[in-house]
Amino acid sequence: MPKASFISIASVDSMQMIYLSDGCKDVLGFSGQQWVGKNAENWFHPEDRRGLYMIIKTCVELQKIATLVYFRVLSAKGYVLIEASFNYCYDIIVSSNRLLREADYPELFGTIPYQIVEFTTFSVKDRTCLAEDIITIWNTQSIHVLGAPNAFSTSKELHQALSKTTSKTPNSPPEVRVCIIVDHNLEGYPIVFCSRLSTDMLGSSPEELKHTSLFEHVHYEDLNEVREELKSVIYEESVGNKIEFTWTTPTFQHIELQAVITHTDDGLIFILRVVDQKEFFLPICEAFQ
C-alpha cells in the first residue's frame with residue numbers, strides 16, 4: 001500500500017535537509033535522497049515561503065513541539081497540500097509530513113482549502129487534538145492560528161499568539177533534546193535515526209543506538225505501558241502524544257524521560273527530554289568547570 005506520510009529533518013541554522021524517510025517517494029513522487037543537502041526553501045511553494053520562515057523562526061525561538069502547519073510543497077506532479085508537525089529539537093527541526101487529498105479539505109477547512117473552521121470530523125480532531133498549535137498559511141500575507149480571532153502578517157503577532165501555548169521564552173537557553181525515529185513496521189521497533197546529543201542524555205551514541213530495539217532501553221516496569229501507548233499512537237495516527245517512562249543506559253543508570261511522539265507511515269518520531277533538566281545536567285556542567 002502506498003504511504004501517505006513521511007519524516008523530514010532539517011538543520012535549524014541553515015534549513016538544509018539532512019534526512020528524509022522512504023515514504024517521500026510515495027507522497028511526493030521522488031526520492032528523499034534528491035533533497036538531502038539542499039535547502040528546504042526549494043521545497044516550499046513561493047507564496048508560502050515568507051509565512052513558513054516566520055513560523056519556523058518562531059518555533060525555534062519558543063522551542064515548540066508538535067506545531068501543526070498546513071502548507072504547499074513541491075511534488076513530481078506540481079504543488080500539493082500537506083499537514084506537517086514541526087518539532088524543535090535543539091539543533092534540528094523534525095517534521096512529520098502527511099499528504100492531504102482533496103477529499104480531506106471539507107473535513108479540515110470547510111469547502112475552501114484555505115478557509116479555517118473548527119474541526120468537525122472526529123477522526124481528524126482525535127488525531128490532532130494534542131498538537132500545541134494548528135496553523136494554516138493562507139497566502140503571502142496571512143497566517144491563521146486556530147482559535148485566534150484574526151490572521152497574522154508579522155513575526156511579532158505570530159510570536160505573541162504562539163507564546164500562549166508554551167512555557168519557553170525567547171531568552172531561554174536551548175533545552176537539551178534528542179530525536180529518535182522508531183520503525184513501527186518492524187518487529188521490536190528498531191531505532192533507525194538518532195540525533196547527536198544522545199551520548200550526553202541517553203548514555204549511548206547515535207551509532208550505538210541505531211538498529212537496536214526501543215524496548216531494550218525502556219525500564220522493565222514501564223514496558224507494558226509504553227507498548228500499549230504506542231499501539232494507541234499508531235491506531236489513531238496521533239500528533240504530539242506525550243508519555244513518560246524510564247530509560248535504562250548501558251551502565252544501568254535510570255533516566256526519567258518525557259517523549260512527545262508523532263506517527264508517520266515510515267515510523268514514530270520521538271522528541272525526548274529529561275523530566276528534570278536542571279537536576280540531570282547540573283553535575284555534567286560542573287564536571288567541565
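**Second largest pocket**

I sorted the lining of the second largest pocket by class and got 6 nonpolar, 5 polar and 5 charged residues. Here Ala, Val, Leu, Ile, Met, Phe, Trp, Tyr, Cys and Pro count as nonpolar, Asp, Glu, Lys and Arg as charged, and the others, Gly among them, as polar. The model is predicted: local features need pLDDT of at least 70, side-chain atom pairs count only at pLDDT 80 or more, and totals for chains, interfaces and linings use all residues. Residues are numbered from 1 along each chain as its sequence is written, and side-chain values use heavy atoms, with hydrogens and water left out.

I noted a volume of about 270 Å³ for this pocket. Of its 16 lining residues, Tyr19, Leu20, Ser21, Asp22 and Asp266 are the closest to its centre. A pocket is an open set of points on a 1 Å grid over the protein atoms alone, with protein on both sides within 12 Å along at least five of seven lines; lining residues have an atom within 4 Å of a point. Volume is the space filled by probe spheres set on the points, which are joined across faces, edges and corners.

Which strand gives the most to this lining? Strand β2 (residues 17-20) does, with 3 residues. Strands (E, at least two residues) and helices (H or I, at least four) are DSSP runs, numbered from the N terminus.

Where does the pocket lie? Domain 1 (5-165) and domain 2 (178-274) both give residues to its lining, so it lies between them. The domain bounds come from an automatic or database domain assignment.

**Cavities**

I looked for cavities next, sets of points where a 1.4 Å probe fits but cannot get out. I found 3 of 30 Å³ or more. β1 (5-11) and β5 (92-99) each supply at least two lining residues. By class, I read 11 nonpolar, 3 polar and no charged residues there.

**Sheet**

I then traced an open sheet of 5 strands, in the order β9-β8-β12-β11-β10, with antiparallel pairing. Two strands pair if DSSP finds at least two bridges between them. β11 (residues 254-263) and β12 (residues 268-274) pair over 7 bridges. Ile261 stands opposite Phe270 in β12.

Helix α8 (residues 223-236) packs on the sheet and touches β10, β11 and β12. Contact means heavy atoms within 4.5 Å. The direction of α8 makes about 145° with that of β10. Axes are lines fitted to C-alpha atoms, for helices over the stretch in contact, and angles run from 0 to 180 degrees between N-to-C directions.
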